[in-house]
Amino acid sequence: MPATSSAERRAEAEKYGLTKMGVRPPLWTYIKDVARRGPFIRVLGTSTAYARNQNTYLGQLWAVLNPILNASVYVLIFGMLLNVSRGVDNTIAFIVIGVFLFRFVEQSVNGGAQSIAKRSNLIRSLHFPRAVLPLSNVMSHLTTLVPSLVVMCLIVLGSGLLPGYDPVPLTWEWLLLVPAVGLLWVFNMGIAFIMARLVAITPDLDNVISFVLRLTMYASGVIFPVVRYVNELPQWMQGWTTTILEYQPVAVYLYLARASLMNEDAFLQDPFKWWLGIIWAVVFFVAGFIIFWRGEERYGRD
Amino acid sequence: MTDDVSEADAHLDFDMEDEADDAGEHAEAIPLGDPCLVVDDLHIVFRVFGGKTAESARAQGIHVQDAEPPRRSLVKRLLGAGRQHVGAVSEVHAVRGVSFMARHGESIGIVGINGSGKSTLLRAITGLIPPHSGSVYVDGEPALLGVNAALMPQMTGAKNIEIGGLALGMTPKQVDERFDEVVEFADIGDFVDMPMKTYSSGMAARLRFAISSAAIPDILMVDEALATGDAAFKARSKARIAEVRQQAGTVFLVSHSISTIEAMCTRVLWMHQGQLVMDGPVEEVTAAYREFVRAHRQARSGGQAGGRRRKRNGGGGSQGSGGRARRQDKARAPDA
């Protein structure tokens, strides 16, 4: 082959209509690409979920056992021993709903963070919009969440039968758990996108995540209603702390789920919180998607 | 070097195997079409955290540079004592300024010793590793014959065919249609319903090849895929590669076996230390490469590295590439 200069080669490429590789596609094209990979996201997600628990004797049962054990510990320590559930009658339902749903957030954040970094092998051998990875990761956690939600509902129902607890009625309102979890899912995908990009570019951040998550756990009222402890803060802090604690996304989603299942005055259906839930989900998903897309051409380089 | 590249190369110390059943065969020449791939002054740089110090890597002939700016503050210098463990980032320049053009229907082999950047080049022209500088232009969608990374050993063969097919960009319907064909091509029989981790290595390799060639791509990249599998399977893979070429596709093949390259390729690229040493018709390049490997081997055992290498450059290669080879040797001199 005769030697050619760089300009000649580029002219040749243009002449035959070749496209340049490794360039970030326009946003709209990218969205269509990701949408076309829907089946791949689903299959990769469900298979990952299945493979995760496959090497144990109890197998898929662990997907349910794990959050139950987790919730039992918190019920024992925070609900019974410390008794920190101010103003909440059904402590068990409160903690179980909190723990089961927060686990989904936690897994999505961790999974999203790892989704690019841990799968560089896959990124370096196949061509697909990288957004598939965080999406399928969250999908895999949703897959394990669904059976455990059934168990969660049963525990909440059963807690009403215990002595000292008001009976928990099974109403049509329970169906609202589905949109609540749906919104949480959309929100989690957004968070996973953001984490994926951050950790792919700066792997060190992976070490900070667990601390941020623990802070979020306490600040969202997962195991005790943290908002009710605000009055122990100095006066000038109370106002804005309450606003943040009450209206930050994770707290909103937990409220929506509790309002659906628990029959208590502290958790009445609140249209404002539903709107807020929708807004948070859309904002995080759209922002996360764009943030992730802007790094598309950089994933897999190092 | 990256993990996957060194993994692929680790088990082979030297890169010249002759396989009897390939000897004497030659790839059929197909009239060449329009250019379908243009690589223009491509550079690939990896970021490496911790690990080897730049000095020790450089001593082995790998092109490494520190990622830090040359002027360092007092704080940085104080921290410098623990640099290999805290904040040690270096860059490996795996591909250094490669340019070439490929046409429809061409079958191109890539040869070179371990760590010469073959696999990285292959991944870069597939668009999997973003270039540091330079560019790659393609017509259609290139596919690397390396679906392994998407497959899950815990899942059954059937599930993996689905995952792999979707990962390659097929629609669920296409996966359904090709399913039987893939099972038959892989020749795994009833094992299709067993987890893939129970497969013998030959079976797993056959299934991987069958999945990744289920979709016939415009540009097919094969990286050592033919190293495993029995003779019958090898023949079938060759037929598959020929099929891609017949449909005006282009095939790239990285193999440690020169006779495989000779049997299946019409053109060969010879990589050394991230640069293109030679690019030309298969006989010419493989002859020069054989000569080089022989000299390199003797140099290793005899310990007279410099002298042998220089001798090789005088003899082998066409005129143009000889010049390039010499230039590249000079670049190495300070490292040795």
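1. In chain B, the helix α4(B) is followed by B:Gly127, a residue whose phi is positive, near 85°. This value, like every other in this note, belongs to a predicted model. The helix α4(B) itself is mostly covered, since eight of its eight residues count as buried. The buried residues of α4(B) are B:Lys118, B:Ser119, B:Thr120, B:Leu121, B:Leu122, B:Arg123, B:Ala124 and B:Ile125. The list thus includes B:Lys118 and B:Arg123, which are of the charged class.

2. The helix α4, residues 118–125, also belongs to the elements of chain B that give two or more residues to the side touching chain A. The other elements in that group are β1 (35–49), β3 (89–103), β5 (133–138), β6 (142–145) and α5 (157–167) of chain B. Of these, β1(B) supplies the largest share of that side, with 11 residues. Sorted by class, the side of chain B that touches chain A holds 30 nonpolar, nine polar and 13 charged residues.

3. The extent of the interface may be stated next. The contact draws 52 residues from chain B and 40 residues from chain A. About 4,100 Å² is buried between the two chains, and carbon and sulfur atoms give 62% of that area. Which polar links does the rule find across the interface of chain B and chain A? There are two residue pairs in polar contact, both at pLDDT 80 or more. Salt bridges across the interface of chain B and chain A number zero.

4. The two chains are also joined through strand pairing. Strand β1 of chain A, residues 19–20, pairs with β5(B) in the antiparallel sense, over two bridges. Within this pairing, A:Thr19 stands opposite B:Val138, a residue of β5(B). The strand β5, residues 133–138, is among the elements of chain B listed above for the side that touches chain A.

5. Along the sequence, its pattern reads α-β-α-α-α-α-α-α-α-α-α-α-α. Chain A has 302 residues, of which 48% are buried. Among its contacts between residues at least 6 apart in sequence, 79% join residues at least 24 apart.

6. A:His141 lies in helix α7, residues 132–159 of chain A. Is A:His141 buried or exposed? With a relative accessible area of 8%, A:His141 is buried. Its side chain makes a polar contact of 3.0 Å with the side chain of A:Asn137. An α-helix has 3.6 residues a turn, so residues three or four places apart point the same way. Leaving aside neighbours within four places in sequence, A:His141 is in contact with A:Arg52, A:Phe104, A:Gln107, A:Ser108 and A:Gly111.

7. Over all chains, a search of the whole structure finds eight salt bridges. One salt bridge is formed by the side chains of A:Arg24 and A:Glu297, at 3.3 Å from N to O. This pair links distant parts of the chain, 273 residues apart: A:Arg24 is in the loop between β1 and α2 (27–36) of chain A, and A:Glu297 is in the segment after α12 (271–294) of chain A. A:Arg24 is partly exposed, with a relative accessible area of 28%. A:Glu297 is likewise partly exposed, with a relative accessible area of 24%.

8. Another salt bridge in chain A joins A:Lys273 and A:Glu246, whose closest N and O atoms are 3.6 Å apart. This pair also links distant parts of the chain, with A:Lys273 in helix α12 and A:Glu246 in helix α10, residues 235–247, 27 residues apart. A:Lys273 counts as buried at 3% relative accessibility, whereas A:Glu246 is partly exposed at 27%.

9. In chain B, B:Arg267 forms a salt bridge with B:Asp279, and the closest N and O atoms are 2.9 Å apart. B:Arg267 lies in strand β9 (residues 267–272) and B:Asp279 in strand β10 (residues 275–281) of chain B, so the pair ties together parts that are 12 residues apart in sequence. B:Arg267 is buried, with a relative accessible area of 8%. Together with B:Glu106, the residues B:Arg267 and B:Asp279 are linked in a network of salt bridges.

Definitions and conventions
Residues are numbered from 1 along each chain as its sequence is written. Chains are lettered from A and ligands numbered from 1 in the order in which they are written. This is a predicted model: local features need pLDDT of at least 70, side-chain atom pairs count only at pLDDT 80 or more; totals for chains, interfaces and linings use all residues. Side-chain values use heavy atoms; hydrogens and water are left out. Contact means heavy atoms within 4.5 Å. Buried area is the accessible area (1.4 Å probe) that two parts lose on being put together, summed over both. A salt bridge is a side-chain nitrogen of Lys or Arg within 4 Å of a carboxyl oxygen of Asp or Glu. A polar contact is a pair of N or O atoms within 3.5 Å; within protein, one must be able to donate a hydrogen and the other to accept it, and residues adjacent in sequence count only if both atoms are side-chain atoms. Helices (H or I, at least four residues) and strands (E, at least two) are DSSP runs, numbered from the N terminus. Two strands pair if DSSP finds at least two bridges between them. Buried means under 20% relative accessible area, exposed over 50%, partly exposed in between (1.4 Å probe, protein chains only).
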